[in-house]
Amino acid sequence: MAEDREQDAQGLPDEGAPQGVDPTVPSVARMYDYYLGGKDNFHADRVAAEQIVAIARESGADVREMALANRGFLVRAVGHIARSGVRQFLDIGTGLPTQDNVHQVVQREAPGSKVVYVDNDPIVLVHAQALLADNPHTAVIEGDLHRPDAILKAAAAHLDLSQPVAIIVAAVFHFFPDDDEVAAIVATLREALVPGGHLVISHSYVEPEEGRADKMDEARGVYRRSGAGTIAWRDRETMRGYFAGLELLEPGIVPVQEWRDDDPYPAPGLAKGGVLAGVGRRP
């Protein structure tokens with residue numbers, strides 16, 4: 001109990017929730033912030049997140065390690081894309097600010113690069129707007145990934161979509177249980193890419209031979225009961241299909257910790273399961 005109080009002291013007080021935010025309902029963005037060691041989360045987020053941490057631990061996985069590995073992949077991927085000459089980035093489902101945000105990475109590589117962040121969580125939007133207030137090359141917009149056309153239209157006010165753009169959807173699609181809807185969303189985003197544009201996707205997975213169906217169902221139940229949605233795991237072949245018509249950069253669809261880990265941001269290794277990732281380029 002004392003440990004719970006100590007952890008809560010490191011997060012946000014429920015009475016400090018912005019208008020329109022119900023602190024008793026967990027948010028996947030704030031749960032992810034907790035996994036990364038952040039403090040922009042409420043008691044309900046921490047309770048739900050700890051349930052997921054415990055479920056994963058029982059099946060031999062470490063959710064915090066997965067989150068850090070996914071973050072390392074994102075940093076390496078956008079850094080590579082910036083070095084390849086792309087100067088526009090659209091980060092959908094950006095989550096709460098942490099170390100080495102997309103704009104910090106790409107503007108370090110190429111000052112003046114434009115970055116648009118998209119999210120639908122009010123707290124994410126408040127924090128992102130504060131972070132970007134003094135950066136003329138970044139913008140934050142509210143958007144729902146269920147409506148990718150609307151996101152692209154809003155982003156066009158800040159980015160020139162007739163020029164190469166890197167579209168990033170990191171650790172988001174596993175909260176969309178409908179396979180057909182995800183495929184349609186990805187197709188819309190993919191079709192918006194002109195030659196030289198990139199698509200960056202990471203997605204949770206569990207190797208089928210690991211036999212963790214019960215734990216997977218338990219984790220889904222936590223997200224569903226918390227009101228934070230559900231979670232779906234997809235395999236390499238499904239992920240590969242998201243990059244149809246694009247040049248899939250080496251090393252292909254791999255666990256995030258294996259994607260170009262010789263870059264300056266090595267990610268921790270994972271024993272089993274975790275997050276798959278890929279980066280595709282429009283030829």
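This is a predicted model: local features need pLDDT of at least 70, side-chain atom pairs count only at pLDDT 80 or more; totals for chains, interfaces and linings use all residues.
1. The structure contains three cavities of 30 Å³ or more.

2. The largest cavity is lined by Arg71, Asp91, Thr94, Gly95, Leu96, Pro97, Asn101, Val102, Tyr117, Ala128 and Leu131. By class, this lining comprises six nonpolar, three polar and two charged residues.

3. Around the second largest cavity lie Leu152, Leu161, Gln163, Val165, Ile167, Ala192, Leu193 and Val194. Seven residues of that lining are nonpolar, one is polar and none is charged.

4. There are three aromatic pairs in the structure. One of them joins phenylalanine 73 and tryptophan 259 edge-to-face, with 5.6 Å centre to centre and 85° between the planes. The pair links distant parts of the chain, 186 residues apart: phenylalanine 73 belongs to helix α4 (residues 63–83), and tryptophan 259 to the loop between β7 (254–255) and β8 (274–281). Phenylalanine 73 counts as buried because its relative accessibility is 0%; tryptophan 259, also at 0%, counts as buried.

5. Phenylalanine 173 and tyrosine 242 form a tilted pair, 6.3 Å centre to centre with 50° between the planes. This pair, too, links distant parts of the chain, 69 residues apart: phenylalanine 173 is in the loop between β4 (166–170) and α8 (179–191), and tyrosine 242 is in the loop between α10 (236–241) and β6 (247–248). Both phenylalanine 173 and tyrosine 242 are buried. Ring pairs join Phe173, Phe176 and Tyr242 into a cluster.

6. A charged side chain also meets a ring: arginine 236 lies over the face of tyrosine 205, at 5.7 Å from the ring centre.

Note on methods:
Residues are numbered from 1 along each chain as its sequence is written. Side-chain values use heavy atoms; hydrogens and water are left out. On a 1 Å grid over the protein atoms alone, a cavity is a set of points where a 1.4 Å probe fits but cannot get out, and a pocket is an open set with protein on both sides within 12 Å along at least five of seven lines; lining residues have an atom within 4 Å of a point. Grid points are joined across faces, edges and corners, and a volume is the space filled by probe spheres set on the points. Ala, Val, Leu, Ile, Met, Phe, Trp, Tyr, Cys and Pro count as nonpolar, Asp, Glu, Lys and Arg as charged, and the others, Gly among them, as polar. Rings of Phe, Tyr and Trp (its six-membered ring) pair if their centres lie within 6.5 Å; planes under 30 degrees apart count as stacked, over 60 as edge-to-face and the rest as tilted. Helices (H or I, at least four residues) and strands (E, at least two) are DSSP runs, numbered from the N terminus. Buried means under 20% relative accessible area, exposed over 50%, partly exposed in between (1.4 Å probe, protein chains only). A charge sits over a ring if NZ of Lys or CZ of Arg is within 6 Å of the ring centre and within 35 degrees of the ring normal.
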